[in-house]
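Please read them with the structure open.

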Amino acid sequence: MRRLSLLSFFVFFILSAFSPLPIHAAWEQKELGTIQGLRGITQSGNAMIAVGNTGNILRSVDQGMTWGVVDKNATVYWQDADTNDATVRVVGEGGAMRESTDNGSTWTNVVLGVSENIYDIQTLGAYGFLVGSGGRIMSLHPTAKLWQTVTSPTTLALQRVHMVSESTAWIVG
């Protein structure tokens, strides 16, 4: 963990020392109206979506100046959020997924048919991957618009996915 922190520091230092663009290091704390820990954030159009513990889905339409709870499911700890065009998806515990097709104004359940915790999701074009506990990997079928299980080489928890292209994703766990 310490190695990662030092590496991050050195990368930040190198970028800030040699970057022709100004890097703003000032952070501003915002009151979100919730005491939950936040785990994921994404942007869809002019809306920003943040998710986390206690099942809240928060939305801001003024570049993060103010936030409101737009959806609440107290039984799910949301882990991540992803945007592709105007479609926003959030994933969490127990195989839970919610989806919005209007930049996060309204939400519907998506049934994945799995019970493992889902930790990360990423979509690119018509394709997508999600990963979770027990080595769970699922891909978004582009024409059927359904999530299907992909054979996993492990039963260990998979934490993050990064799509390099519509046919290639990197997964870590």
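1. Burial. A residue counts as buried at under 20% relative accessible area and as exposed at over 50%, with partly exposed in between (1.4 Å probe, protein chains only). By this cut-off, 39% of the 173 residues in the protein chain are buried. The accessible surface of the chain is about 10500 Å², of which carbon and sulfur atoms supply 58%; areas come from the Shrake-Rupley method with a 1.4 Å probe, and for residues only the protein chains shown count as cover.

2. Basis. This is a predicted model, in which local features need pLDDT of at least 70 and side-chain atom pairs count only at pLDDT 80 or more, while totals for chains, interfaces and linings use all residues. Residues are numbered from 1 along each chain as its sequence is written, and side-chain values use heavy atoms, with hydrogens and water left out.

3. Secondary structure and contacts. Contact means heavy atoms within 4.5 Å. Of the contacts in the protein chain with a separation of 6 or more, 34% are between residues 24 or more positions apart.

4. Sheet 1-2-3-4. Four strands form an open sheet in the order 1-2-3-4, and the pairing is antiparallel; two strands pair if DSSP finds at least two bridges between them. Strand 1 and strand 4 (68–72) are at the edges with a single partner strand each, so one side of each has no neighbour in the sheet. Neighbouring strands of this sheet are turned against each other by 25° on average, direction ignored. For such angles, axes are lines fitted to C-alpha atoms, for helices over the stretch in contact, and values run from 0 to 180 degrees between N-to-C directions.

5. Strands 1 and 2. Six bridges pair strand 1 with strand 2 in the antiparallel sense, and I41 stands opposite A50 in strand 2. The two strands form a hairpin with two residues between them, and G45 in the turn has a positive phi of about 60°. Strand 2 (residues 47–52) is mostly covered, with five of its six residues buried.

6. Strands 2 and 3. Strand 2 runs antiparallel to strand 3 (residues 56–60), joined by four bridges. M48 is opposite S60 in strand 3, and V51 has I57 as its bridge partner. Three residues lie between the strands of this hairpin, where T54 takes a positive phi near 65°.

7. T42 lies in strand 1 (residues 38–44) and is buried, with a relative accessible area of 15%. Its side chain makes a polar contact with the side chain of T83 (2.7 Å). A polar contact is a pair of N or O atoms within 3.5 Å; within protein, one must be able to donate a hydrogen and the other to accept it, and residues adjacent in sequence count only if both atoms are side-chain atoms. R39, also found in strand 1, is partly exposed at 44% relative accessible area. R39 touches V51, G52, N53, W78 and Q79, again leaving out residues up to four places away in sequence. The side chains of R39 and N53 are joined by a polar contact of 2.7 Å. R39 and G52 are 13 residues apart along the chain, with their C-alpha atoms separated by 4.8 Å.

8. Sheet 5-6-7-8. An open sheet of four strands has the order 5-6-7-8 with antiparallel pairing. Its edge strands are strand 5 (78–84) and strand 8 (108–109), each pairing on one side only. Strand 7 (residues 97–100) and strand 8 run antiparallel and are joined by two bridges; R98 has N109 in strand 8 as its bridge partner.

9. Nonpolar cores. A nonpolar core is a set of buried Ala, Val, Leu, Ile, Met, Phe, Trp, Tyr and Cys residues joined through side-chain atoms within 4.5 Å. The largest has 11 residues, including V91, M97, V110 and W147. Strand 9 (118–124) and strand 11 (137–140) are the elements that give two or more residues to this core. A second, separate core of 10 residues includes I49, I57, W78 and V88. Apart from its neighbours within four places in sequence, V110 is in contact with M97, E99 and W147.
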